[in-house]
Amino acid sequence: MLYIVIFGPPGSGKGTQSEKLIEKYGLTHISTGDILRHEIENGTNLGNTAKQYINKGQLVPDEIIIGMIENKISENKNQTKGVIFDGFPRTVAQAKALKETLTQKGEKIELMLYLEVSRDELIKRLAIRSETSGRADDTPETIENRLKIYEEITSPVMDFYKQEGTFRAVTKTGTVEEIFREIEMIVDSVVN
Ligand code: AP5
Ligand code: MG
């Protein structure tokens, strides 16, 4: 199984590029943000708890996320060629927990793809998306908070994967297609 983490700040294109990776490499998409939004829509206990954090642009507590991911990994076992984690891990504690879970299964993260995008571009993209996304966290104030939390709490996850030797930065700017071409080259160099 091929396990990949797609990483980057809010609006960096994690969801957009994941869709293309799934199609090309036959991976399962595990997006913690999508799972949580689905729980909110269905009015579950998990959704009601998560909503209080998401709507303020704060992180949902690690223990909730880690439990949720462990279930998803077991559900997906053997069903696809691999998994792409989007929006997870988002704290060093989550990265360590993921490593432990995969190690127990004799698996590991092969690649951590960091999407590097300037702050101005992120704000521009999220402002455009807010017109149609219907996401409660796509308001100017919450976007600002999400970016702050990313800088303070999430960005240290990069150091974890640098130490693991799996960190790769995608620095290309341009269209979705142009960026995907750089991603393909990186993934192919790992897969082949
Ligand atoms: P999550 O859903 O993960 O949101 P996020 O990290 O803020 O990222 P986004 O989904 O907003 O952006 P993206 O990188 O996917 O970019 P996209 O492809 O959409 O998390 C939401 C919340 O859930 C968190 O704040 C937290 O509360 C909670 N949560 C989730 N996971 C958690 C965890 N592990 N632990 C704790 N809490 C958690 O692209 C953005 C826009 O740009 C789109 O409109 C797209 O069309 C456009 N675009 C993409 N690429 C390009 C391009 N090259 N050129 C022009 N436009 C582009
Ligand atoms: Mg996303």
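Student: What should I know before I start?

Tutor: This is a predicted model, where local features need pLDDT of at least 70, side-chain atom pairs count only at pLDDT 80 or more, and totals for chains, interfaces and linings use all residues. Residues are numbered from 1 along each chain as its sequence is written, chains are lettered from A and ligands numbered from 1 in the order in which they are written, and side-chain values use heavy atoms, with hydrogens and water left out.

Student: OK, strand S1 first. Is S1 mostly covered or open?

Tutor: Mostly covered: S1 spans residues 2-7, and six of its six residues are buried. Buried means under 20% relative accessible area, with exposed over 50% and partly exposed in between (1.4 Å probe, protein chains only). Strands (E, at least two residues) and helices (H or I, at least four) are DSSP runs, numbered from the N terminus.

Student: Which S1 residues point which way?

Tutor: Leu2, Ile4 and Ile6 point one way, Tyr3, Val5 and Phe7 point the other way, and all are buried.

Student: And which strands does S1 pair with?

Tutor: S1 pairs in the parallel sense with S3 (residues 82-86) over five bridges. S1 also pairs in the parallel sense with S4 (residues 109-115), over five bridges. Two strands pair if DSSP finds at least two bridges between them.

Student: How is S3 itself, buried or exposed?

Tutor: S3 is mostly covered, with five of its five residues buried. Gly82, Ile84 and Asp86 point one way, while Val83 and Phe85 point the other way.

Student: And what does S2 pair with?

Tutor: S2 and S3 pair in the parallel sense over five bridges. His29 has Ile84 as its bridge partner in S3, and Ser31 has Asp86. S2 (residues 27-31) is largely enclosed by the rest of the structure, because four of its five residues are buried.

Student: Switching to helix H2. Which residues there are buried?

Tutor: In H2 (residues 32-41), the buried ones are Thr32, Ile35, Leu36 and Glu39. They cover an arc of only 95° around the axis, so they sit on the same side of H2. That arc is taken from the directions from the helix axis to the C-beta atoms.

Student: What covers them?

Tutor: The cover includes S2, helix H3 (45-54), helix H4 (62-76) and S3. After H2 comes Gly43, whose phi is positive, near 65°.

Student: What about Val60, where is that?

Tutor: Val60 is in the loop between H3 and H4. Val60 counts as buried because its relative accessibility is 8%. Leaving aside neighbours within four places in sequence, Val60 is in contact (heavy atoms within 4.5 Å) with Leu36, Ala50, Tyr53, Ile54 and Ile65.

Student: And Ile143, which helix holds that one?

Tutor: Ile143 lies in helix H7 (residues 140-154), and Ile143 is buried, with a relative accessible area of 6%. Its C-alpha atom and that of Pro10, 133 residues apart along the chain, are separated by 7.9 Å. Beyond neighbours within four places in sequence, Ile143 is in contact with Leu126, Asp137 and Asp138.

Student: Last topic, the second largest pocket. Which residues lie nearest its centre?

Tutor: Lys99, Lys108, Ile109, Glu164 and Thr166 lie nearest its centre, out of 13 lining residues. On a 1 Å grid over the protein atoms alone, a pocket is an open set of points where a 1.4 Å probe fits, with protein on both sides within 12 Å along at least five of seven lines, and lining residues have an atom within 4 Å of a point.

Student: Which element gives the largest share of that lining?

Tutor: H5 does, with five residues. H5 (92-104), S4 and helix H8 (157-164) each supply at least two residues of the lining.
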